[in-house]
Amino acid sequence: MTSPSSKILSIIFALLSCALPFLVRSVLAKAQSPNAVGSRPIPAAQALAFDRGAAALWQSLQKLHTRASLLMVTAHPDDEDGGMLTYESRGQGGRVTLLTLNRGEGGANVMSSDYFDALGLVRTEELLAADRYYGTQQFWTRVCDYGFSKTKEEALDKWGHDRVLSDVVRVIRMTRPLVLTSVFVGGRTDGHGNHQVAGQMAQEAFKAAGDPAMFPEQITEGLRLWKPIKDYARVPFSPVTDKGIYDYADGKYYPAEFRNYTDGSVIQGALSASVEIPEGEYNPLLGLTYAQISRLGLGQQKSQSGGTGLPPAEVEMSPYHRFASLVSVSEKEAFFFDGIDVSLMGIASLAQGEDSAFLKEGLSQINSLVEKAMNDFSAQRPEAIASTLAAGLKRTSELMEKVAGSGLTPDSKYDVAYELKVKQSQFGSALAESLGISMLATVAPEKEPTGPFARFLRNQPTFEVAIPGQTFWVKVHATNPTNLSVQLESAVLSLRQARDTHKRNIDGPSTRRRKQAAPSREISPRMCASQFKLPPTRASRGPISLARTSSRPTMTSRNRRTSIYPWLPIRCPPDCISYSTAYRSNCHRWFNR
């Protein structure tokens, strides 16, 4: 069983030259999910079956081979087109992000009596659980769901147009997607006023994110402008009829016209399908269609419907209308990324017009290593490509250093470095997956179980909250199942960012000795961190265990059970926030949890 205290702690396991993050829970953390784009731990006790073993490695290889990236904007949890997100992430290797405007606090709840803020917490966790199936990175804005809204004007009046647009633009500048999408078009067919705002913002942000006059404070804070290349929205479910288009929010029909917010034009009649996404396509490595995988994710969002069943495997297309494109493309496209160079060599286009010969050469070398790894991939012997991946990781790190010291402009350096950091993280995940590296990290009990049945009693639940000033122990067990030697360099413990929703001060840390902040003030989170590094060991194979002992660390052979390290003592600092939450009752949220 998992330990709830993992809400506070995370561990980073260093393998070769890359860090492999995992949470301090009773976990088997083989590596980051193939969908991870950074070194942050993923809040999951155990990876999904889709994200383990050879299936996870192949998905990571697909991601290494492309720079395709996409952001979807929706209003509430469960609004997302999960089948499309899953297809782009797990099927095409894209870096996929979901931005949900609010947390659904004003929705229904068929599972419990939690409503309003409490329901927002429930739906936040439900959506995060669904994201694991979609393979997406999740963001929210600062607005809250105040209940059913019949018009877009009401939603904008309560939220503030620029406040919402600013948040959407911020996330675009943070994640830098090539393509923007939405389930909604920003019109009457969207129904709910929150839905209409989501569709409008997805289009308005297409230009605003690259406009230096829009929200310049974000640039002052360190972000850079970003211009997505295309903008799409899903073709409305409601058809155009002789009466016009139907708005289910007020039960009336309106003229069949749609506004294009990217250029201010009005489209008369039904929206055409510029591209159709084959959500019903079967993935033989994952064993399901993308629509089926996504439905497993949607089924995690039980508060709204009690869960969903698995649909039959069948042809299913998701049509999208293109509202804007900065590249020349045909009226009918095969993919979102038609006309965009999404190969690794396409990264060089970010330094267009400058002396980038070194960049093209470096990218070509990295691409060759990725393609070699893909050609040599074997589900039975995934470790066979470990050395190739290690070489790719090294080349990527070297190229990042060359970019930093090059004569490229600051903007070009920023853009190229961002893409290379993503590849660096993906190489690290793929390398760990190829070796099958796993880690079991638990909060150690006061007394270890003994007796003939002790092995069935390991990793029992411990305390739920770490109290400031408390000292406890963490036990770590790492395993290398291959015949390749792996150097365990260190294990690092660090605390996650947290917020105290009861006592605050305007400088950040929670304390009883300072004045309580007004509930409407936005407070910057503070990280409380402690780090403990292990002494290096010689290259070795097989399982190792970090346990309490006074002896020096030793390593045993692959066929022996354990090797010993001292347990890692953790003491929660006196000013450390004693619990973690990603939600604030006054509707101010973190952007990224």
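Me: What pLDDT does the protein average?
Reply: This is a predicted model, and the protein averages a pLDDT of 80. Of its residues, 76% score at least 70.

Me: And where does pLDDT stay under 50?
Reply: One such stretch is residues 1-30, and another is residues 498-593. The model has 130 contacts beyond four places in sequence for residues 1-30, and 260 such contacts for residues 498-593.

Me: How should I read those coordinates where pLDDT is low?
Reply: Not in detail: low pLDDT means the predicted coordinates should not be read that way.

Me: Good to know. How many helices and strands does the protein have?
Reply: There are 12 helices and 21 strands. The protein has 593 residues, and buried ones make up 54% of them.

Me: What share of the contacts comes from residues 24 or more positions apart?
Reply: They account for 75% of the contacts with a separation of 6 or more.

Me: Let's go inside. How many residues are in the largest nonpolar core?
Reply: The largest nonpolar core has 86 residues. Those with the most contacts inside it are L61, L101, V168, F336 and L389. Helix α6, residues 193-208, gives the largest share of this core, with seven residues.

Me: Take V168, then. What is V168 in contact with?
Reply: Setting aside neighbours within four places in sequence, V168 is in contact with V73, L99, L101, M201 and A205.

Me: Which residues does L71 touch?
Reply: Not counting residues up to four places away in sequence, L71 touches T97, L98, L99, V171, I172, P177, V179, L180 and T181. L71 and L99 are 28 residues apart along the chain, and 7.1 Å separates their C-alpha atoms.

Me: Switching to charges: how many salt bridges are found in the whole structure?
Reply: The search finds 16. One of the pairs is D51 with R90, where the closest N and O atoms are 2.7 Å apart.
Reply: D51 is buried, with a relative accessible area of 9%. R90 is buried as well, at 0%.

Me: What about R67, which residue does R67 form a salt bridge with?
Reply: R67 pairs with E419, and their closest N and O atoms are 3.1 Å apart. R67 lies in the loop between α1 and β3 (69-74) and E419 in helix α12 (residues 410-435), so this pair ties together parts that are 352 residues apart in sequence. Both R67 and E419 are buried.

Me: And which residue forms a salt bridge with D415?
Reply: That is R176, with the closest N and O atoms 2.4 Å apart. D415 is in helix α12, and R176 is in the loop between α5 (161-175) and β6 (179-182), 239 residues apart. D415 and R176 are both buried.

Me: Which residues are linked in a network of salt bridges?
Reply: R188, D247 and D250 are linked that way.

Me: How much accessible surface does the protein have?
Reply: About 25700 Å², and 52% of it belongs to carbon and sulfur atoms.

Me: Last topic: what is phi of F116 and of F215?
Reply: Phi of F116 is near 55°, a positive value in a residue other than glycine. Phi of F215 is also near 55°. F116 sits in the loop between β4 (95-100) and α3 (117-134), and F215 is in the loop between α6 and α7 (216-220).

Me: Are those two buried or exposed?
Reply: F116 is exposed, with a relative accessible area of 63%, whereas F215 is buried, at 11%.

Technical notes
Residues are numbered from 1 along each chain as its sequence is written. This is a predicted model: local features need pLDDT of at least 70, side-chain atom pairs count only at pLDDT 80 or more; totals for chains, interfaces and linings use all residues. Side-chain values use heavy atoms; hydrogens and water are left out. A nonpolar core is a set of buried Ala, Val, Leu, Ile, Met, Phe, Trp, Tyr and Cys residues joined through side-chain atoms within 4.5 Å. Buried means under 20% relative accessible area, exposed over 50%, partly exposed in between (1.4 Å probe, protein chains only). Helices (H or I, at least four residues) and strands (E, at least two) are DSSP runs, numbered from the N terminus. Contact means heavy atoms within 4.5 Å. pLDDT is the predictor's confidence in each residue, from 0 to 100. A salt bridge is a side-chain nitrogen of Lys or Arg within 4 Å of a carboxyl oxygen of Asp or Glu. Accessible areas come from the Shrake-Rupley method with a 1.4 Å probe; for residues, only the protein chains shown count as cover.
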